[in-house]
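Welcome! Have a look at the picture, then try each task before reading on.

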2 protein chains.
Amino acid sequence: MAQNIYDNPDFFAGYSQLPRQVQGLDGAPEWPAIRALLPNVADKRVADLGCGFGWATRWFRDQGAATVLGLDLSKNMIQRARADTNDAAVTYRITDLETLELPESGFDLVYSALTFHYVQDFERLIRMIYAALAHGGDLVFTIEHPIFMAAKHPHWTEDEDGRKTWPVNGYSIEGERRTDWFAKGVLKHHRTLATTINTLISTGFELRRMEEFAPTAEQIAQIPDLAEELERPMILLISAYKN
Amino acid sequence: MAQNIYDNPDFFAGYSQLPRQVQGLDGAPEWPAIRALLPNVADKRVADLGCGFGWATRWFRDQGAATVLGLDLSKNMIQRARADTNDAAVTYRITDLETLELPESGFDLVYSALTFHYVQDFERLIRMIYAALAHGGDLVFTIEHPIFMAAKHPHWTEDEDGRKTWPVNGYSIEGERRTDWFAKGVLKHHRTLATTINTLISTGFELRRMEEFAPTAEQIAQIPDLAEELERPMILLISAYKN
């Protein structure tokens with residue numbers, strides 16, 4: 001079973017205060033880049049893996065999705081998602097992505113934001129998603145970028161000119177990474193970019209596009225702290241489809 | 001026109017002493033990984049862009065390629081390649097990849113090793129290669145990995161534990177990078193991984209596989225210095241095809 005850090009009270013208290021949890025989708029600077037990757041969901045069946053408070057889950061329904069299934073490991077998150085949703089076409093379920101099974105060809109879009117790096121068995125997950133998608137269906141997901149995740153001590157340093165610099169080591173050594181983020185020892189699983197891409201392709205997906213999130217000039221003008229995101233990519237966005 | 005650093009006498013003298021230039025393909029630790037990406041070339045028409053001394057150019061012919069065209073900007077390299085080759089099916093030409101045009105559908109495999117990062121207009125190059133490939137044809141190339149190239153001062157540093165660490169900054173800021181390597185101010189062009197992949201896909205290529213070169217345990221046992229290549233990827237390998 002995946003580590004359920006989101007139901008740790010300290011973690012949950014801190015996490016709930018993040019702009020993207022308080023403000024919803026517009027609190028996430030990568031949201032416009034995600035939107036650009038998403039297909040039209042009108043009348044589609046959507047699954048949202050790692051739905052958290054259900055911000056995107058409800059958004060898909062607002063865009064005309066026929067049904068949206070939101071899944072999350074965290075009881076806290078699902079309780080809050082249910083409380084914030086009043087729509088019979090939106091359902092939520094507590095589930096572990098390590099063992100999740102979805103009905104075959106049951107979905108037209110599988111979406112996931114910043115969740116798959118918590119999953120150890122990525123290949124199993126991707127095979128399951130491929131089977132769960134109808135032909136022509138899309139998989140759009142974001143994960144922490146492996147450049148961001150690889151190092152033993154992932155934090156800003158400075159180069160000899162004093163420029164903000166991100167350290168990379170252990171990039172090719174895949175496996176567990178533990179960091180302190182609202183709680184001690186949050187467990188993530190580092191995979192190289194090649195492993196992520198090759199797993200998709202060898203499962204049968206065709207890659208449509210990838211993005212390494214960087215803020216636009218307008219975003220930096222509004223939130224100057226975002227400028228540091230130009231120095232190294234924190235988030236990887238991938239759009240793939242089942243032919 | 002691309003910077004022709006290879007015909008700078010200091011550069012050429014240093015470069016010619018690299019193991020991969022003295023020993024040929026087996027002097028390049030990524031060669032087994034490249035071979036695994038290459039299609040069977042028996043009776044195929046091959047172009048080798050940035051062929052240098054012609055080590056791979058001749059290897060393709062040894063594997064049964066019908067014809068092999070080796071192209072390089074460096075007069076020194078092409079002279080040496082011609083002197084080392086005695087085969088009417090292998091031809092060499094001095095050419096600038098920034099302006100190169102190849103005959104439409106004239107090739108079954110386009111190969112390039114550690115050259116495309118010298119090219120400024122990657123999109124033009126990829127469109128030209130796509131047109132030059134027959135349907136079913138392959139593009140296999142290696143470039144310096146953008147993690148390796150991005151930083152203003154790309155060199156090993158140490159983290160707080162003394163572990164070898166590679167600095168990343170300016171990752172999302174594409175464009176010129178100048179480094180000193182056998183000569184001052186060698187000019188390369190940094191592109192994000194997303195730009196490289198998306199350019200291939202939007203041109204029409206389908207991605208078959210990518211690798212971020214990491215040495216095997218056997219290679220490290222033979223050449224212990226290679227262990228540092230596990231810390232950050234230096235070379236990106238890509239295999240794509242024209243459907």
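**Exercise 1.** Which residues in H4(B) are buried?

Solution. Start with the rule: a residue is buried if 20 or more other C-beta atoms, placed from the backbone, lie within 10 Å of its own, exposed if 12 or fewer, and partly exposed in between. Helices (H or I, at least four residues) and strands (E, at least two) are DSSP runs, numbered from the N terminus. In H4(B), the buried residues are Trp55(B), Ala56(B), Thr57(B), Arg58(B), Trp59(B), Phe60(B) and Arg61(B). Helix H4 (residues 55-62) of chain B is therefore largely enclosed by the rest of the structure, since seven of its eight residues are buried. The cover over these residues includes strands E1 (45-49), E2 (67-72), E3 (90-94) and E4 (107-113) and helix H5 (75-83) of chain B. Just after H4(B), Gly64(B) has a positive phi of about 105 degrees.

Before you go on, a note on the model. It is predicted: local features need pLDDT of at least 70, side-chain atom pairs count only at pLDDT 80 or more, and totals for chains, interfaces and linings use all residues. Residues are numbered from 1 along each chain as its sequence is written, while chains are lettered from A and ligands numbered from 1 in the order in which they are written. Chain A averages a pLDDT (the predictor's confidence in each residue, from 0 to 100) of 96, and the model scores ipTM 0.96 and pTM 0.96.

**Exercise 2.** Describe how H6(B) packs on H8(B).

Solution. First, take the angle and the distance: helix H6 (residues 122-132) and helix H8 (residues 193-203) of chain B pack at about 40 degrees, with their axes 10 Å apart. Axes are lines fitted to C-alpha atoms, for helices over the stretch in contact, and angles run from 0 to 180 degrees between N-to-C directions. That makes H6(B) oblique to H8(B); angles under 35 degrees count as roughly parallel, over 145 as roughly antiparallel, 65 to 115 as roughly perpendicular and the rest as oblique.

Next, list the partners. Residues are in contact if their C-beta atoms, placed from the backbone, lie within 7 Å. From H6(B), Phe122(B), Glu123(B), Ile126(B), Arg127(B) and Tyr130(B) meet Thr199(B), Leu200(B) and Thr203(B) of H8(B).

**Exercise 3.** How many residues of chain A are in contact with chain B?

Solution. On chain A, 36 residues are in contact with 36 residues of chain B. Strand E7 (164-168), helix H8 (193-203) and strand E10 (206-212) of chain A each supply at least two residues of this side. E10(A) gives the most, with seven residues.

**Exercise 4.** Is Gly64(A) buried or exposed?

Solution. Gly64(A) has 11 other C-beta atoms within 10 Å, so it is exposed. Gly64(A) lies in the loop between helix H4 (55-62) and strand E2 (67-72) of chain A. Now look for its partners: Gly64(A) touches Val41(A), Ala42(A) and Asp43(A), not counting residues up to four places away in sequence. Gly64(A) and Ala42(A) are 22 residues apart in sequence but 4.3 Å apart in space, C-alpha to C-alpha.

**Exercise 5.** What is the phi of Asp43(B), and where is this residue found?

Solution. Asp43(B) is not a glycine, and its phi is positive, near 65 degrees. Its place is the loop between helix H3 (31-37) and E1 of chain B. Asp43(B) counts as exposed, with 10 C-beta neighbours inside 10 Å.

Terms used: Contact = placed C-beta atoms within 7 Å.
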